[in-house]
Amino acid sequence: RAQFLYLFSKPRALPHICSDAAMAGSGAGGGAMVGASVAEICATTAVPALAMALGSAAVSMAEPSEALQARLQRFSAGLLVGAVVTEIFPILKRQLMPGGDLSWVHMGAAILGFSGALFLMYSIKAMDLDGDSESDSDAPEGECSGPEAGRAGWLNPKGDGDEESSMKLRMWLTRLQAHSAALTRLVQAQDVDREAVDEEVHGIDFLVDSARRLCKGAEPMDRRSASRLRKCVAELIQDVEELKRMDTNEVRQIDRQLRVANSSLLKVHSVAERAVFRRWGPRPSSEPSGQPDHEAGPRKVPVGLIVAVVVDSIIDGMLIGLAGAVSAPSGRLMAAATTFEMGFLGYSFACSILKATRRCTAVGILAVPPAAMLVAAAVACQSVSFMERTPAFSGFIAFAMVALLFLVFQELLVEAHEKEGGEAWHISLWLYAGLLVSIHIDMIF
């Protein structure tokens, strides 16, 4: 009774009492959160690390269909987003509001971590670290990089490389200058002709794409890409034939069909201009016909690609370690969510490394990302014991969360969308299926 009167005589104490009670419980059961030990974190992180190793070992097997890849990539993205929403963000929120009041020191540290993650990820993207393996990943099936690769790689700026390519590049640049001057005249006219400007812009777009492919030494389109291009062109032809059968008075129906044709045209353009390595877009590796691996000559190790993949692995491991040290179920959910992602990453990484290095060297390189992931998880878990409830911990959580979301939205979902049929509704649904599974796992455990 005295406590009852005290509570109502001191109403300001109620929010703190409620917030302390809320912080004491977690999940559906409301029990106290128990963090995992370093050994448990290592065992949990071993699951996605093993998935990456198995993905690398699966290079010799048949490649999964693009539809299956798109489904699993979207499902993995849904799991990761769900894990961030249900597990990682609540941890960050508790750090930012200790005792129920916003801590501006923790908020400042979180903003620094947020900004640092964006700076790191966009710097990696801007530096084009994957560019070392672009020419390798787009070589025709059955060809590797090396002396035999011909024009693979950047054009030699000293002029002692492929003279034909240098002359062609000079021609593209001259035409680009001429079309740019024509565009300037069009837009400076008193009555701007929109159709003429649009036509000129598309011509410049073609010249820029052609010059960039030539600069990076993109090889001719391989058989797989050519087959996919034929399918896309066939869809475009069907859309155009449907337009020919329409009455010109049916304006709305024609506009609707034009949107369909435009979607098919964008697919054709995407396949035709695409000449880059995709981290989750595996291409099977194969040796040149009739030439054993030890005769392939010296090969350039794609250092930039290795750095990018190792950074991905460290971020995933760090997030598993941080989440698991605060709440063991959170770490397990994060590990489950990253398993599919790491499997695809291991597959595509192995495809590119085996093309660029000898097998004995490739085995050592492929072992680095899973090991880095395990070490990052263990270090992050160990650091929580003296960092928890400090601004540094808030900064690390914000950093890892933003970096993971960047990988999901800027790379994983983009790759899934570019797969053949990846934009279909029945494939897009797998994103929400992964989100639903992630939420249900959080409620059950």
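**Aromatic pairs, salt bridges and surface**

Trp430 counts as partly exposed because its relative accessibility is 33% (buried is under 20%, exposed over 50%, partly exposed in between; 1.4 Å probe, protein chains only). The model is predicted, so local features need pLDDT of at least 70 and side-chain atom pairs pLDDT 80 or more, while totals for chains, interfaces and linings use all residues. Residues are numbered from 1 along each chain as its sequence is written, and side-chain values use heavy atoms, without hydrogens and water.

The protein has 16 helices and 0 strands (DSSP runs numbered from the N terminus: H or I of at least four residues, E of at least two). Of its 445 residues, 44% are buried. The accessible surface is about 23,700 Å² (Shrake-Rupley, 1.4 Å probe; for residues, only the protein chains shown count as cover). Carbon and sulfur atoms supply 64% of that surface. Among contacts between residues at least 6 apart in sequence, 85% join residues at least 24 apart (contact: heavy atoms within 4.5 Å).

The aromatic pairs number 3 (ring centres of Phe, Tyr or Trp, the last by its six-membered ring, within 6.5 Å; planes under 30 degrees apart are stacked, over 60 edge-to-face, the rest tilted). Phe75 and Trp430 form an edge-to-face pair, because their ring centres are 6.0 Å apart and their planes stand at 75°. This pair links distant parts of the chain. Phe75 belongs to helix 4 and Trp430 to helix 16 (residues 425-444), 355 residues apart. Phe75 has 14% relative accessibility and therefore counts as buried. Tyr122 and Phe406 also pair edge-to-face, at 4.9 Å centre to centre and 80° between the planes. Tyr122 sits in helix 5 and Phe406 in helix 15 (residues 391-418), so this pair ties together parts 284 residues apart in sequence. Tyr122 is partly exposed, at 42% relative accessibility. Phe406 is buried, at 6%.

The whole structure holds 3 salt bridges (a side-chain nitrogen of Lys or Arg within 4 Å of a carboxyl oxygen of Asp or Glu). One of them joins Lys244 to Glu241, with the closest N and O atoms 3.9 Å apart. Both residues lie in helix 9, 3 residues apart, or about one turn of the helix. Lys244 is exposed at 61% relative accessibility. Glu241 is partly exposed at 32%.

Arg245 and Glu242 form another salt bridge, at 2.7 Å from N to O. Their side chains are also joined by a polar contact of 2.7 Å (N or O atoms within 3.5 Å; within protein, one able to donate a hydrogen and the other to accept it, residues adjacent in sequence counting only if both atoms are side-chain atoms). Glu242 lies in helix 9 (residues 223-244) and is partly exposed, at 31%. Arg245 is exposed, at 60% relative accessibility. The C-alpha atoms of Glu242 and Gln257 are 7.8 Å apart, with 15 residues of sequence separation.

Arg259 and Asp255 also meet in a salt bridge, at 2.8 Å from N to O. Both lie in helix 10 (residues 251-273), 4 residues apart, about one turn of the helix. Asp255 is partly exposed, with 39% relative accessible area.

Met97, Leu102 and Trp104 make up a nonpolar surface patch with about 330 Å² of accessible area together (residues over 30% relative accessible area without a salt bridge; like charges joined within 9 Å, nonpolar side chains of Val, Leu, Ile, Met, Phe, Trp and Tyr within 5 Å). Met97 occupies the loop between helix 4 (66-96) and helix 5 (104-126). Met97 is partly exposed, at 31% relative accessibility.
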